[in-house]
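Subject: Model for you to look over

Hello,

Please find the structure below. My notes come after it.

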Amino acid sequence: MERQDKIDIKSKTLSELQEDFVSQGLPRYKALQVYRWLHRGVSSFEEMTDQSKALREQLSQKYYISVATIEKKQVSAYDNTVKYLFSLPDGECVESVLMQYHHGYSICISTQVGCRMGCTFCATGMCGFARNLCPSEMLAQIQSAQQDQNIRISNVVLMGMGEPLDNYENVLRFLELVSSDEGMNIGMRHISLSTCGVVDKIYDLADRKLQLTLSVSLHAPNDAIRSQTMPINRKWGVDTLLKACRYYSKTTGRRISFEYAMIAGVSDSDDCARELAHKLKGTLSHVNLIPVNHVSGNGYQKSDGPRLHRFCQILNDSGITATVRRTLGADIDASCGQLRRRHREEVAE
Ligand code: SAH
Ligand code: SF4
């Protein structure tokens, strides 16, 4: 949480900030005022206009404010989806996708620069890992998109670049900050977290009984296929993962959303559908079928429409709720990691 010799102020909880203020001889109530400014998305202490110049100066000596600067922006011609490439002060870039639904705005944010999980169908996974994001950098993505569009975002999805449960402490802190009454006040019921299946953290998350929605990227019904496309499966296999998922829904009472990327000839056969239905029987779940997005260099093709619908039908006939996911922003590289990958290639040219 430190940059040069300065401290990341926006990653602090309100009570930590209050303690900091008191220990510096500053009035405790000022911490709340500053906290509100930070969570409204100011990018400098100068903007805290109701605070004295002396205090602003004192704070800027000790702390810095995380910002996410728009590096690139693509707007979909089909729907109002906006894809951002944000740059961070150290030159790293992350992606976020803003989507408009009838009930409001939802943003998909990144939790890491890159990812170490190495899934073979994923543009982020193919680029490797640079670093974790701190909580304030997750908040900054939401704040920059809000300011750019002059809107208020009501839903947050941790489904951009990175594996949230591989940056667990920072993600937990982000959840606390984003849902705080004096912060953005986005309730846990309006937040989803997507994981490739970091089993020990799923148990830990379950025991915290947060009301967030858990999405699990399953993508295959058995170890033979899943270990090929998702290396994490070699550590925790499908049965171990599904056991953790059942524990999660039993403990929290929440339905789990399973993501299933349909890759032609790899994971989309009738046998795969039957095996998946068998494994999910009795689990409080919903399956989202997604035709795999094209990522150059891996040779995967997406399943066609009839295959998707047949697969979905087999699941439904076995009593598993499944739907074919509407793909938003299909024309703007809206799939995880694609924009950053393209940007890196362009910069390298
Ligand atoms: N690391 C987390 C969250 C980020 S990935 C996870 O894996 O769940 C967000 C989602 O995009 C995941 O469900 C992931 O499996 C999916 N995804 C990645 N590459 C994809 C592609 N080429 N086509 C379709 N879905 C993809
Ligand atoms: Fe990482 Fe998720 Fe991509 Fe896998 S799918 S490489 S876990 S971001």
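The ground rules first. This is a predicted model: local features need pLDDT of at least 70, side-chain atom pairs count only at pLDDT 80 or more, and totals for chains, interfaces and linings use all residues. Residues are numbered from 1 along each chain as its sequence is written, chains are lettered from A and ligands numbered from 1 in the order in which they are written, and side-chain values use heavy atoms, with hydrogens and water left out.

Helix α11

Helices (H or I, at least four residues) and strands (E, at least two) are DSSP runs, numbered from the N terminus. The expected span of a helix is 1.5 Å times one less than its number of residues. For the 13 residues of α11 (305–317) that gives 18 Å, and the end C-alpha atoms are 18 Å apart, so the two agree.

Buried means under 20% relative accessible area, exposed over 50%, and partly exposed in between (1.4 Å probe, protein chains only). In α11 the buried residues are Leu308, Phe311, Cys312, Ile314 and Leu315. Viewed down the axis of α11, they fall within an arc of 155 degrees, so they line one face of the helix. The arc is taken from the directions from the helix axis to the C-beta atoms. The face turned away from the buried side of α11 carries exposed Pro306, His309 and Asp317.

Contact means heavy atoms within 4.5 Å. The cover over the buried residues of α11 includes β13 (256–262), α10 (270–280), β14 (285–291) and β15 (322–324).

Aspartate 304 caps the N-terminal end of α11. One of its side-chain oxygens lies 3.0 Å from the backbone nitrogen of arginine 307. A polar contact is a pair of N or O atoms within 3.5 Å; within protein, one must be able to donate a hydrogen and the other to accept it, and residues adjacent in sequence count only if both atoms are side-chain atoms. Glycine 319 follows α11, with a positive phi near 85 degrees.

Helices α7 and α9

Helix α7 (199–208) packs on helix α9 (238–252) at about 5 degrees, with the axes 9 Å apart. Axes are lines fitted to C-alpha atoms, for helices over the stretch in contact, and angles run from 0 to 180 degrees between N-to-C directions. The two helices are therefore roughly parallel (angles under 35 degrees).

Val199, Ile202, Leu205 and Ala206 are buried in α7. Their arc, seen down the axis of α7, is within 115 degrees, so they line one face. Their cover includes α6, β11, β12 (213–217) and α9.

Glutamine 143 sits in helix α5 (135–149). It counts as buried, at 4% relative accessibility. Beyond four places in sequence, glutamine 143 contacts Lys10, Leu38, His39, Arg40, Gly41 and Met184.

Methionine 230 is in the loop between α8 (223–229) and α9. It is buried, at 1%. Its C-alpha atom is 6.9 Å from that of glycine 118, 112 residues apart along the chain.

Positive phi

Most residues other than glycine have a negative phi. Asparagine 150 has a positive phi of about 55 degrees and is exposed, at 72%. Asparagine 185 also has a positive phi of about 55 degrees, but counts as partly exposed at 41%.

Best wishes

Methods: Angles under 35 degrees count as roughly parallel, over 145 as roughly antiparallel, 65 to 115 as roughly perpendicular and the rest as oblique.
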